[in-house]
Amino acid sequence: MGNMARTKVAAIPIPGIGPELIVKTVKAPPPDAPAAEAFAAGAAEPSEPAALDPALPEPERVPTVTLRDIARFFVKRITRERIIALALACVSLGTLFLVWYLGTKYRFEFYIRFKNVPTPAEVYRQAAQIGLSNKFLVNIAYSVRRILTGFLIAIAIGVPMGLLIGKYQRVRELLMPTVEILRPIPAIAWVPMSIMLWPNNEAAIVFITFIGAFFPILLNTIHGVHSLDGVLIRAGRCLGANEAQLFWNVILPGSLPHIFTGLAVGMGVAWVSLIAAEMISGQFGVGYLTWEAYSLVDYPTIMLGMITIGVLGLACSGIIRMVGVLMMPWLAFAPGGKR
Amino acid sequence: MSVIETSLEPSGQPAREAPKGFVDVRNMGVTFGSGDNRVVAVEDVSLHVQPGEFVSLIGPSGCGKSTLLSIVAGFVTPTRGEALLDGKPINKPGSDRGVVFQQYSLFPWLSVRKNVEFGLKMAGVGLSKRNVTARSLLDLAGLLSFENHYPDQLSGGMKQRIGIIRALATSPQVLLMDEPFGALDTQTRVVMQEILTNIWQQFRISVLFITHDIEESIFLSDRIYVMTARPGRIKAEIKVPLPRPRTPEMTDTPEFLNLVQELKGLIREESLAAMAPEIKDRGLAGFGMKVGPKGVGELY
């Protein structure tokens, strides 16, 4: 692409409007990268015989992705910036671990008491013992299923509702009073009501997770519609888009960056709500596991539960961010830099 | 969608029975607000654009020229009078009128080609066909090699070129342009004017072009309407007798410079009036003198 851009001559021959007006071009890799580099990259993957198989016929210019390409892709991404970032991440996590380790080793006790806090070794032993046990994995599976169900329902209701509220004043006037009075009620405060409301515990917990995720998603979607540049809607209209087409082709993609902000926030709140609900009313689930461990004076499992919640939460927001990058590739070029 | 096929043969004059794209604005008046906040933006304006004619509307800022264009585009309903396109009243936006906005209005989430295809997609044109159309238009604008870029990767001049061909993709009867080069630097602007004359030369589409740049309006137009300060009225109608195709050298000819002088005189009066309404009654002789509590003397 970048190469084409440099060779293509403008069809209207007016000087000064050629490709030099480009602000940014995507830099394509050089067409023939040094063979040595490719070999080195390929050799780094000894488990791939196909890429170096001499029995294959002369490789034509077929656009296939070999492991060598993948390796090169990753090697190219090792930059100074990334190494620094990785090092700092290690320092950050290392400090946290060190505080835990030293605190429990010397039984630190000055207002904060590390007396009963399990040591890393104890937690590790516990993890090794029950980490792959059926009970532990079932608990995780329950929590993940509840999160996904509640979160997906929150998306399915929150995004369309947000788009409609954002777009139509009458819908806004109709729905916003209810939204505004329900919104300040924290999901945890819904626990008793939810248990009364729903036929079983499972539905009640999913409902509480849904409540947690719903409002951030809804409000950010509304905000996304409002912050959409009006000229884009006018442009869509005069290019012949009807109301439904406008929604699907302009308003939804235009609000997408804000919707994803809502998803990220909503996922965080959903986890908070889920764990609280599981602790109070649950059977199964990571929150239940953690609370049960406390009742049984099983301190290492408390820590294990907390770490599990942290890792699951991190994974969930990581997935959302990844989906966001895949769905909104244009943001890489948006003014204001990378997200 | 047969219109698309015909208009994409820019040079080979398509066989149209009657040329289309006749814009007729009759006794148009626009009032915003009511009571004490009542503002008359446009008052009794009549103008027209012949099929295939390039007409500019020039006037001081705030004179209602953009409002007029919004009415022809179908975004604003006039308080009085009517706007017609080929005899039919205009009451909502539609793809028979292509609009190029002053702000960059490309959809940032679509690639350059998908932006150009947008209007065709809305009209239900098939993928391969709109692909071909978009690519030929991009080629015309010298941007084919950028078809897979996103708008944020392009310069202002490129974005506006794409804005123009995107508006042309649905084969509108008329192109409405609202200070399309206003946000560009002077050099790019001059080049864009040439590109626009080139494209217009090939499509021979009616154009209603809004600007506050005198040279730009003369260089581009067959005819120029000069508007008064608010409330906007048509102050003068000026024919531009320069031959086509227009070249940059023409801007140095006496004819061109005379037109510039003439228009400058007309606009200056109105610009001053727009800033200090008192001048309008006292005439330009009052310029520079203390006129009143908020008079001219304090403005300069």
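Which handedness, left-handed or right-handed, does the crossing of H11(A) and H13(A) have? The crossing is right-handed; the term applies if the near helix is turned clockwise from the far one by less than a right angle, and left-handed if anticlockwise.

This is a predicted model, in which local features need pLDDT of at least 70, side-chain atom pairs count only at pLDDT 80 or more, and totals for chains, interfaces and linings use all residues. Residues are numbered from 1 along each chain as its sequence is written, and chains are lettered from A and ligands numbered from 1 in the order written.

**Helix pair in chain A**

Helices here are DSSP runs (H or I, at least four residues), numbered from the N terminus. Helix H11 (residues 243–281) of chain A packs with helix H13 (residues 299–327) of chain A at an angle of about 165°, the axes lying 10 Å apart. The pair is therefore roughly antiparallel (angles over 145 degrees). Residues in the contact (C-beta atoms, placed from the backbone, within 7 Å) include A:Phe260 and A:Trp271 of H11(A) and A:Cys316 and A:Arg321 of H13(A).

**Confidence in chain B**

The predictor gives the complex an ipTM of 0.82 and a pTM of 0.76.

| Stretch of chain B | pLDDT | Contacts beyond four places in sequence |
|---|---|---|
| residues 1–17 | under 50 | 15 contacts |
| residues 289–300 | under 50 | 22 contacts |

Mean confidence in chain B is lowest in helix H10 (residues 296–299), at 40, and highest in helix H3 (residues 112–122), at 95. Where pLDDT is low, predicted coordinates should not be read in detail.

Notes. pLDDT = per-residue confidence, 0-100. Helix = DSSP H or I, 4+ residues; strand = E, 2+ residues; numbered from the N terminus. Contact = placed C-beta atoms within 7 Å. Axes fitted to C-alpha atoms, helices over the stretch in contact; angles between N-to-C directions. Parallel < 35°, antiparallel > 145°, perpendicular 65-115°, else oblique.
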